Amino acid sequence: MTPLAVQQRPVAADPVDEALGTDAAAFLESVRRFTRERVAPLAGLIDRSDEIGTELFAEIARQGLFANSLGYRADQPHGGPERVRFLLAVLEGLARVSPSVAKAVMDQNLGQIGMLREYAGSDLREHYLGAIRTGEKQAAFAMSEPQTGSNVARFTTVATPVEGGYRISGEKDWITGAARRTVHFVVAKPAPGSREVGLFLVDRSRLGAGDGTVEIDDRKEKLGLRGLGEFHVRYHDVFVPVEQVVIGFDRTSLRRIMRHYNGKRLGQSAICLGLSKSALRTAFDYASARLPAGSPGHLAMQSTLAPLVGELRAAQSLVDWAAGEWAGGDETGAPSAMAKYVTGELAQRVTNAAAQVCGANGLSDKMPLVRLMRDARMLTVAGGASEVLRGTVAQHLDRLLD
């Protein structure tokens, strides 16, 4: 078996399909076929070029992967537990071939898209969900700032009330897809020292004369999860009409924003699971084809991978539990934080072990393992570093130990 054959191995159906219903299971099978036939041949190119091309984005939209509403229930938090598990299954399947593509799909379903669904007025919600669903527009989440990261207490981006809306001025950094995504969900304060925040929808395609400017630069050269682009963004006196205020200023706004940000952490956990399963399967198939069954090398491979398979199954159960907690209305963020740091740290160990099993080829471009290793490393930082997430869990130990 050649390394290329290992990379493109079809993904078997997961038991989770049975719990999702006929429509969702059929959709997942369609996603698997699309992933295998269209995404897999491009995964290496996406990583090397650091671009997910316009054509592939259009195909992803045609697959119904952006602003997907299948199984969404407006009367339940985040659409309900089965809906959440369905989205995580989609992301995991995509991540087995391209974590970058999975991340692109995640960003157009969780986080800012969840906020749009839950908090925006009906006209704003329906207009932008429709545009995102068709691929006409994509949405970025502009939260972190230079020098302060995600420390909201030190944010300096402000939204000043003016006639008919607000004027936003400030800087954001490490904003995923900022150059391609014309819709920016911007977190801003009424004043730098304020404890309140709001969420404002800036549509760059609709800014006219006198509406201010959005300057995007400093694309980051980063280790993994390539293809989306991370940028520095400056908002210069950008006008946001009052109808594009997604969340107004009050003391509960940050909690409401973070409630959905925790969903993105679950999405990243699913991506970690997907890439870990791909790495293990790749290593097992490759070594099995090269090493005679029962030989010392084959036995060594089995003893290396066996405990990781067990840990991965346990991590899958953890993510499923965390998804249920989030869909049940959890606002502590602890379950999502736990799921992300456990799966992220595990993904690092799995990909490293898989590459070691495959020897020199495992560390070359003949196989996808180097790319998966780099993606796994990024996922221990992006969306919340493991150390920060463990701190979130530590704050809620009393409840978690019940």
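The stops below concern a pair of helices and then a group of strands in this predicted model.

**The helix pair**

Select helix α7, residues 112-119, together with helix α9, residues 253-290. Their axes come within 8 Å and cross at roughly 135 degrees. Angles over 145 degrees would count as roughly antiparallel and 65 to 115 as roughly perpendicular; α7 and α9 are therefore oblique to each other. The crossing of α7 past α9 is right-handed.

Next, display the side chains at the contact. On α7, select Q112, G114, M115, E118 and Y119. They meet R256, I257, R259, H260, Y261 and K264 of α9. Colouring this contact by class gives 4 nonpolar, 3 polar and 4 charged residues.

**The strand β5**

Move to strand β5, residues 197-203. Is this strand buried or exposed? Of its 7 residues, 7 are buried, so β5 is largely enclosed by the rest of the structure.

Now view the directions of its residues. V197, L199, L201 and D203 point one way from β5, while G198, F200 and V202 point the other way. Residues on both sides are buried.

Select L199 to locate its bridge partner in β8, I247.

Methods
Residues are numbered from 1 along each chain as its sequence is written. This is a predicted model: local features need pLDDT of at least 70, side-chain atom pairs count only at pLDDT 80 or more; totals for chains, interfaces and linings use all residues. Side-chain values use heavy atoms; hydrogens and water are left out. Axes are lines fitted to C-alpha atoms, for helices over the stretch in contact, and angles run from 0 to 180 degrees between N-to-C directions. Helices (H or I, at least four residues) and strands (E, at least two) are DSSP runs, numbered from the N terminus. Angles under 35 degrees count as roughly parallel, over 145 as roughly antiparallel, 65 to 115 as roughly perpendicular and the rest as oblique. A crossing is left-handed if the near helix is turned anticlockwise from the far one by less than a right angle, and right-handed if clockwise. Contact means heavy atoms within 4.5 Å. Ala, Val, Leu, Ile, Met, Phe, Trp, Tyr, Cys and Pro count as nonpolar, Asp, Glu, Lys and Arg as charged, and the others, Gly among them, as polar. Buried means under 20% relative accessible area, exposed over 50%, partly exposed in between (1.4 Å probe, protein chains only). Two strands pair if DSSP finds at least two bridges between them.
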